[in-house]
Amino acid sequence: MKSKPALVFACAHLTDERLFAHQVDALRTTHDCSVFAFREHPTLGAMAEELLAQAPPRFTLIGLSLGGYLAFELIRRQLERLERLVLLDTRASADTEALRQGRLDDIAKVQAGGIDALIPELPARWTHPDNRARVSELMASMARSIGATGQFNQQQAMLARPDSFADLRRVRVPTLIACGREDMGTPLAGHERMRDCVPGSRLEVFEQCGHLSTIEQPEAVTALLSRWLAQTRAA
């Protein structure tokens, strides 16, 4: 019996497997789905090694935000493992000094007051106002599941990440890039630049949507993934 094609989902900062629950529930009948949320590793390299050790020999990677940063690390390490690539609400550029300072401020806030000191700020940062009430409780629960240590480790990994546009230009597998129209964390312009790096890649925009597209507009994201996976052939 032929095995199902493999989808590997990589979670965003302060989110867990529930970030992709809608997509996995819809796609698991036709694909083998696995979801990675990292708490213990303070480097993208260590995260990548864990994922590569547990993933099938070839797979489609679907990464959102931090999951996209991890995708660039996988490209640097074992590009040949990727059959297809989906980059959601992420960026290939390295952090500006302002972004770095924001990360350091978040680390200090959590070290002083625990993860619950940061949680009230996240919905306004990451989500469209129309979606905020619906997803805020889930966001809080996911952030608590990552915890203060996980937050510190993830921020350390992101603080050290390089500019990845040169890595992205090496990609020749089918690539889908998508983001929320109102994503303030990783704006549309950065996604347009990523699209221009990968020949034949496709860019889609989710309306009335911020940074966490998979829970803000789950039906739209799932429908897009389902169509794109059916239309593309794994490299």
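In what order do the six strands of the open sheet stand? In this predicted model, the order is E2-E1-E3-E4-E5-E6, with parallel pairing.

- Strand E1 (residues 6-10) and strand E3 (residues 59-64) run parallel and are joined by four bridges.
- Within this part of the sheet, alanine 10 is found opposite glycine 63 of E3.

**Helices on the sheet**

- Helix H3 (residues 66-78) packs on the sheet and touches E1, E3 and strand E4 (82-88).
- The direction of helix H3 makes about 140° with that of E3.
- Helix H10 (residues 218-231) lies across E1, E3, E4, strand E5 (175-180) and E6.
- Relative to E6, helix H10 runs at about 160°.

**Aromatic pairs**

- Two aromatic pairs are present in the structure.
- One of them joins phenylalanine 9 and phenylalanine 20, whose ring centres are 4.9 Å apart; the planes stand at 45°, so the pair is classed as tilted.
- Because phenylalanine 9 belongs to strand E1 and phenylalanine 20 to the loop between E1 and helix H1 (21-27), this pair ties together parts that are eleven residues apart in sequence.
- Both phenylalanine 9 and phenylalanine 20 are buried.
- Phenylalanine 36 and phenylalanine 38 form a stacked pair, at 6.0 Å centre to centre and with 15° between the planes.
- Why does phenylalanine 36 count as buried? Its relative accessible area is 6%, and buried means under 20%.
- Phenylalanine 38 likewise counts as buried, because its relative accessibility is 4%.

**Arginine over aromatic rings**

- The charged end of arginine 161 sits over the ring of tyrosine 69, at 3.9 Å from the ring centre.
- Arginine 193 is placed over the face of phenylalanine 165, and the distance to the ring centre is 3.6 Å.

Technical notes:
Residues are numbered from 1 along each chain as its sequence is written. This is a predicted model: local features need pLDDT of at least 70, side-chain atom pairs count only at pLDDT 80 or more; totals for chains, interfaces and linings use all residues. Side-chain values use heavy atoms; hydrogens and water are left out. Two strands pair if DSSP finds at least two bridges between them. Helices (H or I, at least four residues) and strands (E, at least two) are DSSP runs, numbered from the N terminus. Contact means heavy atoms within 4.5 Å. Axes are lines fitted to C-alpha atoms, for helices over the stretch in contact, and angles run from 0 to 180 degrees between N-to-C directions. Rings of Phe, Tyr and Trp (its six-membered ring) pair if their centres lie within 6.5 Å; planes under 30 degrees apart count as stacked, over 60 as edge-to-face and the rest as tilted. Buried means under 20% relative accessible area, exposed over 50%, partly exposed in between (1.4 Å probe, protein chains only). A charge sits over a ring if NZ of Lys or CZ of Arg is within 6 Å of the ring centre and within 35 degrees of the ring normal.
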